[in-house]
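Please look through the report below with the sequence and the model side by side.

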Amino acid sequence: MTNLTGKQIVLGVTGGIAAYKAAELTRLLRNAGASVRVAMTRAATAFVSPLTFQALSGNPVHTELLDTEEESAMGHISLARWADLVLIAPATADFIARLRIGLGDDLLSTVCLATRASIAVAPAMNQAMWDNPATQENVRCLSDRGVRILGPAEGDQACGEVGLGRLLEPQRICDELESFFGDGALAGLSVLISAGPTREPIDPVRYISNRSSGKMGYALAEAAARAGAKVSLVTGPTALKAPRVNEVSWVESAAEMYRCIMSKVPSADIYIGAAAVADYSPETAADRKIKKDQLEMVLTLRKTQDILSAVSALPKRPFTVGFAAETDDLENYARQKLVAKSLDMVAANWVGRDEGGFENDDNALFVCWNGGDTYLPLASKKTIAEQLIHLIAERYHAQNSAKDSR
Ligand code: PMT
């Protein structure tokens, strides 16, 4: 079994000399357990025969948008729906530009327009074409929309030049897709995650906030999606690019976050509270900018609603995971929080030490649950998120199989 086992991949081949490498890629993807359907642009068929891909994929190859026979068998909409992932490899500069502006004038571009699956693009072109500002802008735009860009690699090119623009080696593309798909530990489950800070307004220009960057919560959202979950992320203001998950809701204050989470939690199987929600908020926010004409100023703060406690107190509650950010006595506070808020799990991190926490790219966690605990030592937030998601999946499934056997 690999993370690609059972995955349905539409492999889009466009017209460049690297098209021959897509044949090896097809073989590798199938060996890894994926089902592959190949869609070729007309130009690609001038480089490699569709028959090659038919033999290697074990499926008919799709080339024409308006081929009625093909349409009735599996047309562009069915292909788009069938795919767990649309992978374009190699992707020419021309195809990347067409993908960016949303053209639908051939089979492959239409599949890309019609699919709700993730799209990955492995560019291959002459190094000057890759370097061209138009191509760079197109790639940036696709990446901002959540298209995964794989490569290109650097080296000798078919045209005799040397530079960036070679198709990534097929094995490397396969490895990237393996980590993209994760292992399905949360397949079929809905996960609701909060991330980032909140902003509590003082007046129209000032607010109280904290140092959360959103990195931990966003990494968890992506890891949960890679583990097969349907992910809804509720985030306070951050400077990060929205992660590629099913739904992202932006909120500002603790009160907005509370309302948003409580409206979404009924459909969640798992809730992870990674946001640094303000504990206190100004009792009133001035509707005009407060002038600095007084020597002293007193702000009255009022406790915000505790979202985590509200979620865990629901009669039909999801598996509820809280975070704890502590400057001392980490383990004790984490265990206390587990009981006091009747949570299923607490992930506690240090703040104010060289062990990750706020803003850092790295983190370390002490994780506890009823009947166990573990340390996740300092690593990138991506790695820590993957480890925590797997712990959550393990505990979630253990708890549910115990319920089922009662
Ligand atoms: O965003 P980064 O820069 O990557 O940093 C990550 C992080 C340090 C913010 C994250 O790992 C983390 O620890 N998040 C929780 C921070 C926090 O607010 O800790 P706390 O101990 O104050 O709160 C405990 C829990 O109660 C948290 O799950 C929090 O989401 C929740 N809470 C708190 C207050 C409130 N009104 N409602 C809540 O739900």
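In what order do the 5 strands of the open sheet with parallel pairing stand?

## The open sheet

The order is E2-E1-E3-E4-E5, and the pairing in this open sheet of 5 strands is parallel. Strand E2 (35-40) and strand E5 (148-149) stand at the edges with a single partner strand each, so one side of each is left without a neighbour in the sheet. Here helices (H or I, at least four residues) and strands (E, at least two) are DSSP runs numbered from the N terminus, and two strands pair if DSSP finds at least two bridges between them.

Within this sheet, strand E1 (residues 8-13) pairs with strand E3 (residues 85-91) in the parallel sense over 4 bridges, and Gly12 stands opposite Ile88 in E3.

## How the model is read

This is a predicted model, in which local features need pLDDT of at least 70 and side-chain atom pairs count only at pLDDT 80 or more, while totals for chains, interfaces and linings use all residues. Residues are numbered from 1 along each chain as its sequence is written, and side-chain values use heavy atoms, with hydrogens and water left out.

## The chain as a whole

The chain holds 15 helices and 19 strands, and its C-alpha trace spans about 75 × 65 × 40 Å along the principal axes. Of its 406 residues, 49% are buried, where buried means under 20% relative accessible area, exposed over 50%, and partly exposed in between (1.4 Å probe, protein chains only).

The domain assignment, which is automatic or taken from a database, gives domain 1 (8-181) and domain 2 (190-404). The centres of domain 1 and domain 2, taken over C-alpha atoms, are separated by 38 Å.

Strand E18 (residues 362-369) and strand E19 (residues 372-380) pair in the antiparallel sense over 7 bridges, and Cys368 stands opposite Asp373 in E19. E18 and E19 form a hairpin with 2 residues between them, and in the turn Gly371 has a positive phi of about 100°.

Gly357 is found in the loop between strand E17 (345-350) and E18. Is Gly357 buried or exposed? Gly357 counts as buried because its relative accessibility is 7%. When neighbours within four places in sequence are left aside, Gly357 is in contact (heavy atoms within 4.5 Å) with Trp350, Asp362, Asn363 and Lys381. Gly357 and Asn400 are 43 residues apart along the chain, and their C-alpha atoms are separated by 31 Å.
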